[in-house]
Amino acid sequence: MATKYSLTVNNNSQNYGNICVFQTLPDQPDNFMSLAWFSKAAHCGTSVEFEWTTDYNFLWTDQGEMKPGVTFKASQVIDAKPADITKNSVAFTKEYGAYRFAETSKYTKEGTLGIYTDQTVPHGEASVGIGMSGNGTFAVTATPNYNFVFKPHPRYWVVFGTYQVGVNK
C-alpha cells in the first residue's frame, strides 16, 4: 500500500477562488501536458485539504488532441506500478471502433511507466496519460506506433484562480 499524504491550504487572500494542485516532471517533454490534478473552491479566510496516495494509474480519453484549455475526462483508468516491470506498461489500441488498454509484452525500465500505441490508433483522435490517486496528472496526444514513457518523479505545485480538475495547465 502506498503512503498517504495530505496538504492543507489556507486562503488568506481577499478573493474567492479555486486552489489547484498540479504536478510537473523533471525534464518534462513539451508535448506532455500537466493537468489540474486536484481543485477545490475556497472563500477568503477558509482552508481546504487535499489527500492522496502515490498509487499510479494509466488513463485515456477520446476527446482528441491535448491542447491548453482542454479538460481531460478519462474513459478508462487502470492501476500502474512503476517499480514492477510486469505492471509498468500497457498497450493502447482501437478495436471495433473503440479504444481500450490491453496487455503488452513490452516493458519499460523499473521506475518508469510506458504506454505503447499500436498502428490502429490515429493521430490526434485520443490522448493517453498517467495519473496518481485516481486523477489524471499528465496527458499527451496519442499517435500510432509510439512508445510514451513517463518518469514519475513529480514536483507538486499549488496555484490559486479558476481551475477544474483535468484541465490542461
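The structure discussed here is a predicted model, in which local features need pLDDT of at least 70 and side-chain atom pairs count only at pLDDT 80 or more, while totals for chains, interfaces and linings use all residues. Residues are numbered from 1 along each chain as its sequence is written, and side-chain values use heavy atoms, with hydrogens and water left out.

Cysteine 44, at 41% relative accessibility, is partly exposed, whereas cysteine 20 is buried at 0%. The structure holds zero disulfides, a disulfide being a pair of cysteine sulfur atoms within 2.5 Å. The closest cysteine sulfur to that of cysteine 20 belongs to cysteine 44 and lies 20 Å away, so the two are too far apart for a bond.

The next topic is the sheet. Helices (H or I, at least four residues) and strands (E, at least two) are DSSP runs, numbered from the N terminus, and two strands pair if DSSP finds at least two bridges between them. In general, strands of a sheet pair through backbone hydrogen bonds, either parallel or antiparallel. Here, five strands make an open sheet with antiparallel pairing, in the order β3-β12-β11-β6-β7. At its edges stand β3 (33-34) and β7 (76-80), each of which pairs on one side only. Two antiparallel bridges join β3 to strand β12, which covers residues 135-141. On the β12 side, phenylalanine 138 is the bridge partner of serine 34.

Contact means heavy atoms within 4.5 Å. Beyond its neighbours within four places in sequence, phenylalanine 138 is in contact with residues including Gln23, Met33, Ser34, Val128, Ile130 and Phe150.

Asparagine 18, in strand β2 (residues 17-24), is another buried residue, at 15% relative accessibility. Its side chain makes a polar contact of 3.5 Å with the side chain of serine 39. A polar contact is a pair of N or O atoms within 3.5 Å; within protein, one must be able to donate a hydrogen and the other to accept it, and residues adjacent in sequence count only if both atoms are side-chain atoms. Leaving aside neighbours within four places in sequence, the residues in contact with asparagine 18 include Lys40, Val159, Phe160 and Tyr163.

Nonpolar residues gather in cores, a nonpolar core being a set of buried Ala, Val, Leu, Ile, Met, Phe, Trp, Tyr and Cys residues joined through side-chain atoms within 4.5 Å. The largest core has 31 residues, of which Phe50, Phe58, Phe92, Ile115, Val128 and Phe150 touch the most other members. A second, separate core has seven residues, among them Leu59, Met66, Phe72 and Ala139.

Charged side chains come next. Side chains of opposite charge can pair when their charged atoms come close. A salt bridge is a side-chain nitrogen of Lys or Arg within 4 Å of a carboxyl oxygen of Asp or Glu, and the count comes to three. In one of them, glutamate 51 meets lysine 4, with the closest N and O atoms 3.6 Å apart. Because glutamate 51 sits in strand β5 (residues 47-53) and lysine 4 in strand β1 (residues 4-10), this pair ties together parts that are 47 residues apart in sequence. Glutamate 51 is partly exposed at 44%, while lysine 4 is exposed at 58%. Another salt bridge joins lysine 94 and glutamate 125 at 2.5 Å, N to O. These two also link distant parts of the chain, 31 residues apart: lysine 94 is in strand β8 (residues 89-95), and glutamate 125 is in the loop between β10 (113-117) and β11 (127-132). Glutamate 95 and arginine 100 form a salt bridge too, at 2.8 Å between the closest N and O atoms.

Finally, the backbone holds two points of interest. Most residues other than glycine have a negative phi. Aspartate 27, however, has a positive phi near 55°; this residue is in the loop between β2 and β3 and is exposed at 78%. Tyrosine 96 likewise has a positive phi of about 55°, lies in the loop between β8 and β9 (98-102), and is exposed at 86%.

Technical notes. Buried < 20%, exposed > 50% of the residue type's maximum accessible area, 1.4 Å probe, protein only.
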